[in-house]
Amino acid sequence: MKAKDIGRNGLFDLGPGHERFLAEVLDGLRKNSKELPSKYFYDERGSYLFERICELEEYYIPRIEASIMQAHIREMAELIGPDALLIEYGSGNCKKVRFLLDHLPDPAGYIPIDISREQLLQAAKELASVYPKLEVHPVCADYLSSADLPKLNRPAQRIVVYFPGSTIGNLDTVSARDFLEHVASLCGRGGALLIGVDLKKDPVVLHSAYNDKEGVTAAFNLNLLQRINRELDCDFQLEWFQHYAIYNPQEGRVEMHLVSQKDQAVHLDTETISFVRGESVCTESSYKYRLDEFEQIAAAAGFKVERAWTDMRQWFSVQYLVTR
Ligand code: AVI
């Protein structure tokens, strides 16, 4: 962390800039099977649309996760204990963490990490006003980057990483293991990870969760092209791409695509990128795990599953992992 990364607003800004955005988009569109990185969904409109997804009847994740948190919060708070430094990856609007903070005995501090700069700043400001005694240090970064984190003024008993919402599912299994390994080394001895992990279930349920009737998920998916147009001066014609989401049981993941409705080309930087009719751009994978599958990945990364709470139907889990 360099001093120049700390803005006047107290933000540690390590988020990807314009150059990296362009490079990653070009890289993905040059591939034989085209793809775009899902982390770029979350500009201002994308973050707003994701919040709307979280309110949809079909998108069961936030509802079930909240019910598991409510049912077991005492036990979670006891496991975490007093004076913990809480680090949240993909903190978004920082709403979920409030429930945890309300039940933790005297947390030492909170570091929200998110790629969406505007939302992060706003959320951290709000949080600091609700918890005036809590040290809050927002960090704008891609959570796969292993950036150094700010130091707290107050010593912490243990580091606990909070990673709710099954965002781990948006990483392929190798990246998920690498990320967990990074988290394990960040937490160190005695540290822990409280993580939401979505579970394998009836594909019909998954299909409607990613193909909602109102078309909010479709708008969220297409917004990525709009963002690329605006920020990278590209010329995607949104009406010629269609949202397509499907559960792939062999791979155990929901795949989101944008499918070209005709032969067409877009211009980006100095390149022309062609699409044939029916060609897809993969924009996101959302892996679903069995409890034992996730336990194995966690073990390979140096974590032991201390507790795994689920709902009655075993659609979702919240897990407390400790470093080994
Ligand atoms: C953020 N992440 C866990 C969501 C998911 O379910 O994979 C993103 C999302 N994509 C479409 N709907 C929600």
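Reply: Two strands pair if DSSP finds at least two bridges between them. Helices (H or I, at least four residues) and strands (E, at least two) are DSSP runs, numbered from the N terminus. This is a predicted model: local features need pLDDT of at least 70, side-chain atom pairs count only at pLDDT 80 or more, and totals for chains, interfaces and linings use all residues. Residues are numbered from 1 along each chain as its sequence is written, and side-chain values use heavy atoms, with hydrogens and water left out.

Me: OK. How many bridges join β2 to β5, and do they run parallel or antiparallel?

Reply: Strand β2 (residues 84–89) and strand β5 (residues 158–163) run parallel, joined by 5 bridges. Ala84 stands opposite Arg158 in β5.

Me: And what about β5 and β6?

Reply: Parallel again, with 4 bridges between β5 and strand β6 (residues 192–198). Tyr162 has Leu194 of β6 as its bridge partner. Between β5 and β6 the chain passes through helix α6 (residues 173–187), and this β-α-β crossover is right-handed. That means that, with the strands pointing away from the viewer, the path from the first strand over the helix to the second runs clockwise.

Me: Switching to β8. Is it mostly covered or uncovered?

Reply: Mostly covered: in strand β8 (residues 253–260), 8 of 8 residues are buried. Buried means under 20% relative accessible area, exposed over 50%, partly exposed in between (1.4 Å probe, protein chains only).

Me: Which residues point which way from β8?

Reply: Arg253, Glu255, His257 and Val259 point one way. Val254, Met256, Leu258 and Ser260 point the other way. In a regular strand the side chains alternate between the two faces of the sheet.

Me: Which strands does β8 pair with?

Reply: β7 (residues 241–248) pairs with β8 in the antiparallel sense over 8 bridges. Asn248 has Arg253 as its bridge partner. The β7–β8 hairpin has 4 residues between the strands, and Gly252 takes a positive phi near 65° there. β8 is also joined to strand β11 (residues 280–287) by 7 bridges, antiparallel. There, Met256 has Glu284 as its bridge partner.

Me: Where is Glu279, and is it buried or exposed?

Reply: Glu279 sits in the loop between β10 (271–275) and β11. Glu279 is buried, at a relative accessible area of 16%. Leaving aside neighbours within four places in sequence, its contacts (heavy atoms within 4.5 Å) are Asn32, Lys34, Leu258, Val259, Ser260 and Ser274.

Me: Now the ligand. How many residues surround it, and which are closest?

Reply: 14 residues surround the ligand, and the closest are Tyr59, Asn170, Tyr210, Glu284 and Ser286. A residue counts as near if one of its heavy atoms lies within 4 Å.

Me: What distances do the polar side-chain atoms of Asn170, Glu284 and Ser286 show?

Reply: A polar side-chain atom of Asn170 is 2.9 Å from a ligand nitrogen atom. For Glu284, the distance to a ligand nitrogen atom is 2.7 Å. For Ser286, a polar side-chain atom lies 2.7 Å from a ligand oxygen atom.

Me: Last one: α9. Which residues are buried there, and why on the same side?

Reply: In helix α9 (residues 291–300), Phe294, Ile297 and Ala298 are buried. They share a side of α9 because they cover an arc of only 100° around the axis, taken from the directions from the helix axis to the C-beta atoms. The buried residues of α9 pack against α6, β6, β12 (303–310) and β13 (316–323). Gly302 follows α9, with a positive phi near 95°.

Technical notes
Polar contact = N/O pair within 3.5 Å; in protein donor to acceptor, adjacent residues only side chain to side chain.
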